[in-house]
Amino acid sequence: MIFPIDIHTHKLPAEAGQAIVSCQPHTFAPLQDEWYSVGVHPWYADECEWQTDSFRCSFEEMVSHPRVLAVGEVGIDHLSRVSLDCQTDIFRYQAGVAEAVCKPLVIHAVKAQAELIQLKRELKPRVPWIIHGFRGKVQLAQDLVRHGLYLSFGARYQEETLRQIPLDRLFLETDESEVSIASLYEEAARLRGLSCSELREAVSCNIHRVFFGH
Ligand SMILES: [Zn+2]
């Protein structure tokens, strides 16, 4: 079995199983050898009939699929046209589903760190919460890590932040970018002063622990 090394992308990886492919519920059509996350993105929160039984039933079945490793991306985005109340309601619902199926939550956060910390305090999740595409500064990263969050870095980030966060909270992802996951590992290894294989091993360890529960 191939384990993922890229925890968040929207396209199929070059090698099947190498990435966690993020889908909206209506686009989820799992292939046998790929890994997935499924969630309602905050930009589309107002188009989703998440309060209906039929949506809930099919969503909960999708996220229970054995090739689905996480719920997401879900999130809070202050620059979205969708109201914050609407985004927050559907966030809470999906965070609850993640708890019920015991899978981590992959989070899109734009200017929403304070709300996330608040939601985490209130909901007290047992499953890991991961902020994907993290581009914040060291101070903010340390704050989030202190509150138990994990951070995933894509093609653009603050180098100093990637250097300083604890290695056991770090993930890498290609998201929408065209760069290869291998080049992101090379660059991150250089910044951390590690060999590529040392970094691969550390991040793989995080992936096993967080997404596979061992
Ligand atoms: Zn994404």
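## Local features and helix packing

Lys124 is exposed in this predicted model, with a relative accessible area of 64%. The residue belongs to the loop that runs between α3 and β6 (129-131), and its phi lies near 45 degrees, a positive value in a residue other than glycine. Cys102 also has a positive phi, about 60 degrees, although Cys102 is not a glycine. This cysteine is placed in the loop between α2 and β5 (105-110), where Cys102 is exposed, with a relative accessible area of 54%.

A further backbone feature is found at Gly72 and Glu73, which are joined by a cis peptide bond with an omega of about 5 degrees. Of this pair, Glu73 is located in strand β4 (residues 68-77).

The accessibility of several residues discussed in this report is set out below.

| Residue | Relative accessible area | Class |
|---|---|---|
| Cys23 | 9% | buried |
| Cys48 | 13% | buried |
| Cys102 | 54% | exposed |
| Lys124 | 64% | exposed |
| Glu178 | 72% | exposed |

Glu178 sits in the loop between β8 (170-172) and α6 (181-192).

### Cysteines

Helix α1 (residues 53-64) packs against helix α2 (residues 84-101) at an angle of about 45 degrees, and the axes of the two helices are 10 Å apart. The two helices are therefore oblique to each other, and their crossing is right-handed. On the α1 side the contact involves Phe55, Arg56, Phe59, Glu60, Val63 and Ser64, which meet Tyr93, Gln94, Val97 and Val101 of α2. Sorted by class, this contact of α1 with α2 contains six nonpolar, two polar and two charged residues.

Helix α2 also packs with helix α3 (residues 113-123), and here the axes come within 12 Å and cross at roughly 40 degrees. That angle makes α2 oblique to α3, and the crossing of α2 and α3 is right-handed. From α2, the residues that make the contact are Leu84, Thr88, Phe91, Arg92 and Ala95, and from α3 they are Glu115, Leu116, Leu119, Glu122 and Leu123. In the contact of α2 with α3, the residues divide into six nonpolar, one polar and three charged.

Key: Residues are numbered from 1 along each chain as its sequence is written. This is a predicted model: local features need pLDDT of at least 70, side-chain atom pairs count only at pLDDT 80 or more; totals for chains, interfaces and linings use all residues. Side-chain values use heavy atoms; hydrogens and water are left out. Axes are lines fitted to C-alpha atoms, for helices over the stretch in contact, and angles run from 0 to 180 degrees between N-to-C directions. Helices (H or I, at least four residues) and strands (E, at least two) are DSSP runs, numbered from the N terminus. Angles under 35 degrees count as roughly parallel, over 145 as roughly antiparallel, 65 to 115 as roughly perpendicular and the rest as oblique. A crossing is left-handed if the near helix is turned anticlockwise from the far one by less than a right angle, and right-handed if clockwise. Contact means heavy atoms within 4.5 Å. Ala, Val, Leu, Ile, Met, Phe, Trp, Tyr, Cys and Pro count as nonpolar, Asp, Glu, Lys and Arg as charged, and the others, Gly among them, as polar. Buried means under 20% relative accessible area, exposed over 50%, partly exposed in between (1.4 Å probe, protein chains only).
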